[in-house]
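This briefing covers a few sites in one protein chain, grouped by topic. The sequence and structure come first.

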Amino acid sequence: MLTSSTVSSATLATPWKKVFILLSPIGVIGLCTLTARGIGQSLREWSWVPVFLVYWTLLTFLLAWGAGWQTYQRWLQPSHGAWGWRWLGFVAIALFLPTFLLNWSALNSLKVILPWLILALLDPWLEEGYWRGLLLKAAEGWPAWLAILYTILWFGLSHPLILGVNVPELRGLPGFLGTVFTGLVWTLSYWKTRSLRWPIFTHFLVDLASVSVLVFTGKAIFPQ
């Protein structure tokens with residue numbers, strides 16, 4: 001089972017709050033998908049902007065309401081366990097290096113560089129806090145394999161169902177499997193080290209290496 005020796009020792013205050021958090025991916029994905037299909041489609045290549053604003057707002061609310069700053073600070077405690085689990089996230093980075101090498105020269109204007117950096121700096125704190133920290137906290141008491149499977153499946157669905165609405169490269173099985181893989185890597189890293197430090201850091205590097213803004217605007221070149 002997931003216990004205080006593997007994840008945060010804090011528990012949710014009431015059973016209904018725990019259930020709400022565990023079911024919250026349905027609302028997060030649903031509202032963001034509606035945003036992508038509504039407001040997003042009218043903005044064409046910048047369709048991802050309102051989607052991320054809604055997405056980040058929802059995650060911020062859930063983290064503040066479901067956990068709070070003190071609990072988030074506990075998730076950022078120094079890492080424990082073998083160093084191999086801390087470095088595990090670099091496996092995910094390696095998957096995106098070919099795409100980065102093909103596209104880095106296109107990161108040549110403030111219009112691209114600024115949102116690319118903002119997304120990479122902000123997104124890992126919210127996604128790791130929610131998908132790893134908060135959901136695993138709500139799943140305390142479950143068998144470890146079930147809690148991990150639950151969180152990574154929802155995380156895997158989130159990207160193709162939300163971003164895939166307007167970004168063809170993130171749709172379907174490839175988008176799902178890629179997101180599941182990175183989610184598994186970061187979840188195992190957090191579970192084994194009892195800290196979000198390395199998942200956040202390697203998530204930040206993945207967001208940089210994936211040249212996210214170029215992908216979202218349809219300007220990225222992918223390995224053949």
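Leu149 is part of helix α7, which runs over residues 144–162. The model is predicted, and the points below take up Leu149 with its surface patch, then Glu128 in helix α6, then Ala106 in the loop between α5 and α6.

- Together with Trp145, Leu146 and Leu153, Leu149 makes a nonpolar surface patch of about 370 Å².

**Glu128 in helix α6**
- Helix α6 spans residues 110–138 and contains Glu128.
- Glu128 is buried because its relative accessibility is 0%, and buried means under 20%.
- A polar contact of 2.7 Å links the side chains of Glu128 and Arg132.
- Leaving aside residues up to four places away in sequence, Glu128 touches Gly133, Trp186, Leu196, Pro199, Ile200 and His203.

- With 28% relative accessibility, Ala106 counts as partly exposed.
- Beyond residues up to four places away in sequence, Ala106 touches Val112 and Leu214.
- Ala106 and Lys219 are 113 residues apart along the chain, and 8.6 Å separates their C-alpha atoms.

Conventions
Residues are numbered from 1 along each chain as its sequence is written. This is a predicted model: local features need pLDDT of at least 70, side-chain atom pairs count only at pLDDT 80 or more; totals for chains, interfaces and linings use all residues. Side-chain values use heavy atoms; hydrogens and water are left out. Helices (H or I, at least four residues) and strands (E, at least two) are DSSP runs, numbered from the N terminus. Buried means under 20% relative accessible area, exposed over 50%, partly exposed in between (1.4 Å probe, protein chains only). A polar contact is a pair of N or O atoms within 3.5 Å; within protein, one must be able to donate a hydrogen and the other to accept it, and residues adjacent in sequence count only if both atoms are side-chain atoms. Contact means heavy atoms within 4.5 Å. Patches are made of residues with over 30% relative accessible area and no salt bridge: like charges are joined within 9 Å, nonpolar side chains (Val, Leu, Ile, Met, Phe, Trp, Tyr) within 5 Å. Accessible areas come from the Shrake-Rupley method with a 1.4 Å probe; for residues, only the protein chains shown count as cover. A salt bridge is a side-chain nitrogen of Lys or Arg within 4 Å of a carboxyl oxygen of Asp or Glu.
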